[in-house]
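Hello,

Here is the structure we spoke about. Please open it first, then read the notes below.

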Amino acid sequence: MTEFTHRQSAHCESGVVANMVSDGGLGLSEPMAFGLSSALTFAYMPIIKMAGMPLIAYRMPPGHIIKGVAKQLGMSWKRQTFSDPDAGMAALDAQLEKGHAVGLQTCIYWLPYMPEDMRFHFNAHNLVVYGRDGDDYLVSDPIFEGVVRCDSASLRKARFAKGAMAAKGMMYYPEGTPKEIDFAKAVPKAVRMNRRIMVGAPLPVIGVKGIRFLGKNIGKVAARPDANTYLPQYLGHIVRMQEEIGTGGAGFRFLYASFLQEAGKKLSNDRLLQASAALTDAGDSWRKFALVATKMARGRQTLDVKELDNILNGIADKELAMWQGLKGI
Amino acid sequence: MKKDEVPQETARTYGGVKKLLYAVDEAGEYTGVNSAGWEPETFATVQAVDELNRLRDEAFADAKAGRVSPLVFWMYARRMEPATLTATTGLWAWRVKRHFKPAIFARLPDRILARYAEVMDITVAQLRGLPAAPDAQ
């Protein structure tokens with residue numbers, strides 16, 4: 001069996017990347033993997049529907065962290081997909097026999113160790129398989145406290161589930177890990193890129209502007225004739241996207257603030273440390289938004305869309321000021 | 001968020017698992033902290049699960065009364081909606097919609113039924129009928 005050090009993470013992709021790179025000999029924290037790949041965003045996508053609701057994303061699309069970390073560290077991943085499930089399972093076994101731990105993209109619904117209420121058809125869940133014991137695969141799923149097991153039939157289903165963002169058996173592992181990271185070069189580059197995403201996007205639904213757009217849109221939803229039933233569902237959906245497993249709290253804001261702090265200390269850079277504190281403050285406002293929105297959705301507080309709009313505008317102001325503070329870093 | 005403010009409101013949705021959040025300690029240092037759950041998040045997850053269960057139960061009653069085909073029940077029982085079912089089977093949306101009609105569903109060949117059965121991980125025989133109760137599968 002392959003030795004693999006499991007570390008629990010907030011988010012599956014940054015967790016898998018940090019754990020696999022660390023396993024290769026280059027210690028990398030989860031926040032560092034998230035930050036170096038410039039993965040923070042806000043996007044309100046009314047055209048892309050998730051279970052009939054608009055997609056609200058707080059991070060860049062699946063695959064962004066895997067690619068972004070490789071680019072920043074100057075390493076590459078061996079990535080393979082398969083049209084034939086048998087070949088995909090055989091290739092996994094072959095790598096395990098060679099002693100490689102392997103990253104996999106899976107559909108969360110078919111993973112038997114997932115709690116019942118977390119099972120949805122989401123095709124981009126990342127995990128590491130590090131060994132096999134009879135019919136069971138030994139799995140390091142970064143959102144769990146400890147390692148878990150998955151029978152081969154279920155793993156096969158999870159890897160080859162079809163539909164939106166289908167994994168097609170996607171399997172990956174690093175082709176060599178660099179010995180060290182040049183933080184002085186990588187951090188400013190990653191922060192600049194993330195700043196462009198958050199304040200420089202030309203669309204009104206992305207970045208800081210997107211946060212304001214969401215606030216306005218809640219008002220529009222409240223004016224719909226079916227608002228009585230639809231608005232509570234809509235508010236619940238926003239909170240789910242923001243807080244449900246995998247965000248580390250406040251829609252990845254705390255995770256990114258943790259990266260800014262780690263980077264600020266490594267480089268003795270006060271601007272990064274100040275930005276970290278400012279983003280923590282914005283994250284606290286996101287938590288407050290979730291609290292107030294669910295109270296309203298449950299009828300425990302008078303529904304007041306103006307108040308929700310105000311909180312979101314306040315968050316947008318805070319995040320804008322924080323990114324402006326990092327201008328030209 | 002401060003470390004001692006990390007909520008520990010045990011969530012049924014976690015199934016006994018604790019997740020990791022990032023929070024700051026007394027000295028302002030970030031650290032990973034386990035959370036047993038947070039009420040607003042639990043509400044949002046339960047609301048989504050309940051909505052799918054409601055649609056499933058409704059489809060069960062409708063299928064029993066012959067208003068829709070069993071396919072509608074199985075779709076919601078597997079936490080899918082028409083868009084997911086269309087994407088996973090690779091069938092056209094208008095065809096999937098037609099198959100929701102009992103008379104058309106009854107005439108479907110095994111070849112088509114097998115495509116649905118496969119993505120739902122049930123047998124064709126199961127797909128043709130209904131279980132004893134909506135949550136007994």
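**Helices on the sheet**

Helix α3 of chain A (residues 64–73) lies across β3, β5 and β8 (171–174) of chain A, and runs at about 150° to β3(A). Helix α4 of chain A (residues 85–97) also packs on the sheet. Helix α4(A) touches β4, β5, β6 (136–140) and β8 of chain A, and its direction makes about 65° with that of β5(A). Contact here means heavy atoms within 4.5 Å. Axes are lines fitted to C-alpha atoms, for helices over the stretch in contact, and angles run from 0 to 180 degrees between N-to-C directions. Helices (H or I, at least four residues) and strands (E, at least two) are DSSP runs, numbered from the N terminus.

A word on the basis. This is a predicted model, where local features need pLDDT of at least 70, side-chain atom pairs count only at pLDDT 80 or more, and totals for chains, interfaces and linings use all residues. Residues are numbered from 1 along each chain as its sequence is written, chains are lettered from A and ligands numbered from 1 in the order in which they are written, and side-chain values use heavy atoms, without hydrogens and water.

**The sheet**

The sheet is open and has 6 strands, in the order β3-β8-β4-β5-β6-β7 (chain A), with antiparallel pairing. Strands pair if DSSP finds at least two bridges between them. At the edges are β3 (77–80) and β7 (148–151) of chain A, each pairing on one side only. The twist averages 35° from one strand to the next. Strands β4 (residues 102–106) and β5 (residues 125–133) of chain A run antiparallel, joined by 5 bridges. Val102(A) has Val129(A) in β5(A) as its bridge partner.

**Aromatic rings**

Over all chains there are 16 aromatic pairs (Phe, Tyr and six-membered Trp rings, centres within 6.5 Å; planes under 30 degrees apart are stacked, over 60 edge-to-face, the rest tilted). Tyr113(A) and Phe144(A) form an edge-to-face pair, 5.2 Å centre to centre with 80° between the planes. Tyr113(A) is in the β4–β5 loop of chain A and Phe144(A) in the β6–β7 loop of chain A, so the pair ties together parts 31 residues apart in sequence. Both Tyr113(A) and Phe144(A) are buried (under 20% relative accessible area; exposed is over 50%, partly exposed in between; 1.4 Å probe, protein chains only).

One aromatic cluster holds Phe34(A), Phe252(A), Tyr256(A), Phe259(A) and Trp323(A).

Best wishes
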